[in-house]
Amino acid sequence: MSELQVYGQPRVYVVLLNWNGCQDTIECLESVFRLSYPLFTVIVCDNASSDGSMEKIEGWAKGFIAASCDSPDLARLTVPSIPKPIGFAHIFSSAEAVTSLPSGSRLLLIQTGANLGYAGGNNVGIRYALARGDCDYVWLLNNDTVVEPDSLSAMVQMAEANPKLGICGSQLRSYAPPHGIQTMGGRRYSRWSGRTRPLQELTTPRVSTTPGAPDYVEGASMLVSRRCLETVGLLEESYFLYYEELDLAARVRPSFQLGYSPESVVYHKEGASIGSAHVRSNRSALSDFYQARNRIVFSRRYHSRFLLSVLTVTGLSALHRLMIGRPQNTGAILRGMFASFSRVRSYGKVF
């Protein structure tokens, strides 16, 4: 008899993407393996890290390396360490992740072979989960998070109660004290500016057919049903960073609903690896480049009538960076604007 039959619960594959962030990933794993939900498998996809991430994560799974916590009041989610060793399997390429299907391990470590970006790296894990055949949901979870024990149960419960719910999000709170709300599940999108703003005042569950629901679910925590992925496809890889969730939501909406569960609480460090600061003027040049490029690409694809307005807002962002003494960021935004008008093919691919 399978685990699924024993528990009568859907199986969830939790996908974490790591890129030179093993300390964050290990802390996240410590909290994930405390989940109250009984049926889950964790997949860590490593985007060709250069800091020995996979070896250190293996060391954690064997019990040789302990998780560290920079927020003492969240130590309850990671301390004391869970019993080790944790059984794991290691796959050494994205191609092998489709053809090799090891079973019996609750932790799978996949080397993607290159820095494939947010979508590309996560898609390696998603493809593995779908190939298994026993996957009901995929939980895309940022590695710079820690989770409350009931965070997954709350999302699964909501998804199971709403058969048309394709994507369910969490209540995202700041990792740093006092753990203020980053967003209640998702964000609203402005077609005029191409920018987004977080939803921070919703206190009850929402789906996309009710007032105040998110336009898209925040990618730091997205529970996506297997049926949704098989219907609309995976994350669009050409964006590399940012706007993947918006693109997915745009494709999901005709057939499925979006929503969030306020009972699913996830603490998020936000932009730990690439400098995507909450305050726009503090963003790294890399962050500004992809924000500018993908804002325009997304607008061209889905809201072309508003493209001139989006271009104006993006150009003003470049001017603002120059005025505050950040010419490198100005150049990055302008390069992003230029790159957005490179030849574009299906699903916003830019090359």
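Author: A cavity is a set of points, on a 1 Å grid over the protein atoms alone, where a 1.4 Å probe fits but cannot get out, and lining residues have an atom within 4 Å of a point. Its volume is the space filled by probe spheres set on the points, which are joined across faces, edges and corners. The model is predicted, so that local features need pLDDT of at least 70 and side-chain atom pairs pLDDT 80 or more, while totals for chains, interfaces and linings use all residues. Residues are numbered from 1 along each chain as its sequence is written, and side-chain values use heavy atoms, without hydrogens and water.

Reader: How many cavities of 30 Å³ or more does the rule give, and how much space lies in the largest cavity?

Author: The count is 2 cavities of 30 Å³ or more, and the largest cavity holds about 50 Å³. Its lining has 10 residues, of which Asp-288, Arg-295, Ser-317, Arg-321 and Ile-333 are the closest to the centre.

Reader: Which element gives the most to that lining?

Author: Helices (H or I, at least four residues) and strands (E, at least two) are DSSP runs numbered from the N terminus. Helix α9 gives the most to the lining, with 4 residues, and α9 (285-302) and α10 each supply at least two.

Reader: Where are the cis peptide bonds that join Val-79 to Pro-80 and Pro-177 to Pro-178?

Author: Pro-80, joined to Val-79 with omega about 0°, is in the loop between α3 (53-62) and β3 (88-91). Pro-178, joined to Pro-177 with omega near 10°, is in the loop between β7 (165-174) and β8 (181-184). The loop between β7 and β8 also holds His-179, which has a positive phi of about 60° although it is not a glycine.

Reader: Is His-179 buried or exposed?

Author: With a relative accessible area of 10%, His-179 is buried (buried means under 20%, exposed over 50%, partly exposed in between, with a 1.4 Å probe and protein chains only). Asn-20, also not a glycine, has a positive phi of about 50°; Asn-20 is partly exposed at 30% relative accessible area, in the loop between β1 (12-18) and α2 (22-32).

Technical notes. 1 Å grid on protein atoms, 1.4 Å probe; cavity = no way out; pocket = protein on both sides within 12 Å on 5 of 7 lines; lining within 4 Å.
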